[in-house]
Amino acid sequence: METKEKKSINYYMRSLHRDLGFLAIGLTIIYALSGIILIYRDTDFLKKERNIEQHLSPNLTESDLGMALHMRNFQVLSADGETISFSNGTYNKVTGLATYSQKALPQFLEQFNKLHKTSSRNIVHWFPVIYGVLLLFLAISSFWMYKPKSKMFRRGLIFAGSGIVLAIVVLFLI
């Protein structure tokens with residue numbers, strides 16, 4: 001008669017760490033790539049120019065136009081009679097038609113970046129929250145990979161502590 005061997009917490013943590021780690025690989029690749037692209041959002045890296053026509057309310061003031069177009073650093077270049085000219089476009093006060101060009105990432109990359117920028121009001125916000133919890137679990141469960149008195153465990157603690165210190169130093173440099 002076989003007796004079932006009681007499995008330790010180490011066994012379960014290692015199994016969960018392994019399985020969830022494989023799941024996290026795909027998520028990490030997407031988040032890492034979109035995070036790198038977000039770092040360069042203030043440049044034209046991978047961006048293509050798009051021509052946009054947008055119908056707005058007629059007779060907008062210069063400040064209202066900037067708010068309606070949701071443009072950062074909106075600046076009017078000239079305003080004469082019916083037309084307001086701004087960087088990369090024009091607005092017709094009579095018809096309300098704004099035509100301008102804008103540089104943007106390809107649509108699929110824009111979707112990836114939305115994962116980083118999602119707000120708590122959006123139902124999709126649970127995806128990055130769950131991913132963050134998954135990464136936190138993987139970080140903590142890694143301490144069950146080695147016995148606490150082993151050389152590798154102590155080495156892991158040193159690297160983990162170094163990572164925390166490095167993150168704090170970088171935060172002070174920003």
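Q: Where does H125 sit?
A: This is a predicted model. In it, H125 lies in the loop between α3 (107-117) and α4 (126-141).

Q: Is H125 buried or exposed?
A: H125 is buried, because its relative accessible area is 16% and the cut-off for buried is under 20%.

Q: What does the side chain of H125 reach?
A: The backbone oxygen of N122, at 2.8 Å.

Q: And which residues does H125 touch, leaving out those up to four places away in sequence?
A: T118, S119 and S120.

Q: Moving on to α4. Which residues form the nonpolar patch on the surface?
A: I123, V124, W126, F127, V129, I130 and V133. Together they have about 700 Å² of accessible area.

Q: Take V129 from that list. Which helix is it in, and what is its relative accessibility?
A: V129 is in helix α4. V129 counts as partly exposed, because its relative accessibility is 36%.

Q: Now helix α1. Where is L16, and how does its accessibility class come out?
A: L16 is in α1, which covers residues 9-39. L16 is at 41% relative accessibility, so it counts as partly exposed.

Q: What does L16 touch beyond four places in sequence?
A: G21 and F137.

Q: How many residues apart along the chain are L16 and F137, and what separates their C-alpha atoms?
A: They are 121 residues apart along the chain. Their C-alpha atoms are separated by 9.3 Å.

Q: What about H17, buried or exposed?
A: H17 is also found in helix α1. H17 counts as buried, because its relative accessibility is 19%.

Q: Which residues does H17 touch, again leaving out those up to four places away?
A: F137, L138, S141, S142 and M145.

Q: Change of topic. Which residues make up the largest nonpolar core?
A: There are 10 in all: L56, L60, L65, L69, M71, I84, F86, Y91, A98 and Y100.

Q: Which elements each supply at least two residues of this core?
A: α2 (62-69), β3 (83-86) and β5 (97-104).

Q: What does Y100 touch?
A: Not counting residues up to four places away in sequence, Y100 touches R50, N51, I52, Q54, L69, M71, F86, N88 and G89. L69, M71 and F86 are also members of the largest core.

Q: What other core lies apart from that one?
A: One of six residues, among them A24, Y31, Y131 and L138.

Conventions. Residues are numbered from 1 along each chain as its sequence is written. This is a predicted model: local features need pLDDT of at least 70, side-chain atom pairs count only at pLDDT 80 or more; totals for chains, interfaces and linings use all residues. Side-chain values use heavy atoms; hydrogens and water are left out. Helices (H or I, at least four residues) and strands (E, at least two) are DSSP runs, numbered from the N terminus. Buried means under 20% relative accessible area, exposed over 50%, partly exposed in between (1.4 Å probe, protein chains only). Contact means heavy atoms within 4.5 Å. A polar contact is a pair of N or O atoms within 3.5 Å; within protein, one must be able to donate a hydrogen and the other to accept it, and residues adjacent in sequence count only if both atoms are side-chain atoms. Patches are made of residues with over 30% relative accessible area and no salt bridge: like charges are joined within 9 Å, nonpolar side chains (Val, Leu, Ile, Met, Phe, Trp, Tyr) within 5 Å. Accessible areas come from the Shrake-Rupley method with a 1.4 Å probe; for residues, only the protein chains shown count as cover. A salt bridge is a side-chain nitrogen of Lys or Arg within 4 Å of a carboxyl oxygen of Asp or Glu. A nonpolar core is a set of buried Ala, Val, Leu, Ile, Met, Phe, Trp, Tyr and Cys residues joined through side-chain atoms within 4.5 Å.
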